[in-house]
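Here is a short tour of a protein model, with its charged pairs and one of its helices in view. Please keep the structure open as you read.

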Amino acid sequence: MGTAAVVKAFGDIRAAIAVLNAEVDGAGLAPFSVSDPLAGLADGCLDVLAGAREVEAGFAGLKAKAAVTYTEAACAVAGPDVPVVAQEMAVAAEIGCVLALGPRAASSFLATSHALTTGLPLTLEALQAGSLSWQHAVVMADETAGLDAAGAAALEAHFLDPGAPDGARGCPAGELPAHRFRVKARTWRERHHAESIEKRHAKGVVERRVEFRPDRDGMAWLSACLPADQALAGWNRLTAVARSLQGPDEPRTMTQLRADTFAATVLGGGTPDRTDASGTSAGRDARRTSAGTDASPATACGALTRHSDSSGGGDCLTASGSVAETDVPPTSIRAQVLVTVPVFSLLGLTDEPAMLDGYGPIPPSMARDLVANGAESFHRVLVDPRDGAPLEIGRTSYRLTKAMRAWLRLRDGKCPFPGCSNHSLDNEADHLLAWANGGTTGISNLGQPCPKHHKLRHTTGWTPTPATKNEPPGWTSPTGRHYASEHQDWEPPRWPPGLALEPRLPEWSVAGCVDVVRLGFSPGEQWLGRILHPPSA
């Protein structure tokens with residue numbers, strides 16, 4: 001190793017790790033708790049895990065700086081006569097050998113390290129401080145790639161600068177699992193990208209494809225890159241069909257049922273033959289069609305969001321329905337999606353992205369197609385024009401209305417348990433304070449946990465914390481630790497160019513579902529937008 005200072009520093013680190021190992025083994029100099037050693041040890045192990053996470057992040061920042069410094073020094077030593085590509089390969093090979101990484105992993109590590117040290121100062125600072133993991137830093141580098149310097153700085157500031165004018169709400173970025181942080185970062189990037197999402201989507205559609213990749217143990221992956229609405233509708237339908245096949249005599253898990261349904265559909269069959277959990281046929285014909293039932297727990301919806309009055313209120317519509325089906329297996333279960341569409345975007349007056357529940361921002365043209373060809377009903381929702389969040393809704397009876405369920409989906413977006421990605425269509429409304437204990441059926445006393453975390457809440461010591469009209473509940477663990485919820489990044493609706501900023505109250509004409517939306521703005525000026533009738537049932 002290098003100088004004496006470096007050798008001593010790593011020696012001290014190894015000694016500290018030995019001390020921590022002894023504590024975890026219960027062989028420390030003093031117990032975590034004299035009165036309750038076992039509970040104290042359990043709590044102490046959580047403290048060790050939390051500290052180790054921070055130290056690992058700090059080491060990741062150190063490795064990134066060391067890799068970039070080595071790269072610069074090695075290039076200077078090699079001189080200008082060495083071809084650039086050859087030098088980059090040599091550097092990546094050296095770092096790969098030191099860190100035991102393959103060529104592609106080493107190159108990826110170097111690229112992320114360079115992005116952090118040259119263009120993402122807040123991310124590097126958070127990494128070194130231990131408040132952001134390496135996985136989070138990779139997400140930030142990925143999502144800022146392709147943005148100009150101003151765009152990258154704005155995205156970084158939104159999540160990491162406490163003084164940002166419109167900073168991220170709820171759980172801090174570093175306390176989110178990296179996959180959830182990627183969802184939020186991608187959503188912000190899509191909304192604020194300098195290039196129109198319509199143009200970028202058009203390029204992506206050209207590259208749609210199906211891919212096959214062999215795997216181990218006689219298995220393989222078959223995946224498709226599709227427009228988001230199609231892909232999500234397919235996933236939701238697989239989930240609904242799989243759930244309809246569950247029962248006391250069905251040994252397969254939801255994951256296995258989805259895979260079997262997918263295979264049966266692709267290979268030209270209907271619903272999958274019954275097999276045991278290992279995938280072996282049980283010899284029983286189970287081509288059930290679930291005729292006459294609709295197992296999907298919710299219908300598709302889209303919210304048409306806009307300002308409404310000079311006092312600062314707002315209203316929106318929520319459209320419900322299903323995606324059109326062609327060449328689907330013989331079952332009555334339909335593909336369902338939820339889509340939230342700003343009203344001006346729906347009318348073609350702005351290009352503000354819509355939000356596809358379970359995915360994120362989509363082009364307004366895709367949203368207009370979903371509403372025109374699949375919507376079965378609309379819900380009008382009042383929103384706050386300052387931040388776009390839905391406002392409170394009350395209820396004095398136990399049961400929820402469809403409008404309230406739609407409102408709850410708008411607020412939460414997914415299961416509120418930390419790290420869970422299960423989105424709205426599969427979740428269950430739940431009273432935070434039980435109805436029997438005096439809890440009301442209002443948005444502030446409701447959550448929508450997925451079935452797994454609904455069961456966790458009612459069978460273990462995990463408990464939800466109070467919610468508000470705009471914020472999902474957090475959670476408190478059996479050890480008393482509190483974990484903040486992930487909040488949606490609501491944004492004020494965008495106005496079309498040239499429109500007055502203080503509109504009058506709108507006039508709504510409702511015929512059947514929704515026929516005509518009349519929007520009044522300034523005296524003598526009126527806009528007319530037509531929403532197509534949904535197909536008849």
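Aspartate 260 has a relative accessibility of 23%, so it counts as partly exposed; buried means under 20% relative accessible area, exposed over 50%, and partly exposed in between (1.4 Å probe, protein chains only). Its partner in a salt bridge is arginine 252, which is buried at 5%. A salt bridge here is a side-chain nitrogen of Lys or Arg within 4 Å of a carboxyl oxygen of Asp or Glu. Shared partners also join Asp43, Asp47 and Arg481 into one network of salt bridges.

This is a predicted model, where local features need pLDDT of at least 70 and side-chain atom pairs count only at pLDDT 80 or more, while totals for chains, interfaces and linings use all residues. Residues are numbered from 1 along each chain as its sequence is written, and side-chain values use heavy atoms, leaving out hydrogens and water.

The structure holds 14 salt bridges, including these:

| Pair | N to O distance |
|---|---|
| Lysine 8 – aspartate 12 | 3.0 Å |
| Arginine 182 – aspartate 142 | 3.2 Å |

Arginine 182 lies in helix α8 (residues 178–192) and aspartate 142 in helix α6, so this pair ties together parts 40 residues apart in sequence. Helices are DSSP runs (H or I, at least four residues), numbered from the N terminus.

Now for helix α5 (residues 121–129): its buried residues are Thr123, Leu124, Ala126 and Leu127. They cover an arc of only 165° around the axis, which puts them on the same side of α5; the arc is that of the directions from the helix axis to the C-beta atoms. Pro121, Glu125 and Ala129 are exposed on the face turned away from that buried side.

Terms used: Helix = DSSP H or I, 4+ residues; strand = E, 2+ residues; numbered from the N terminus.
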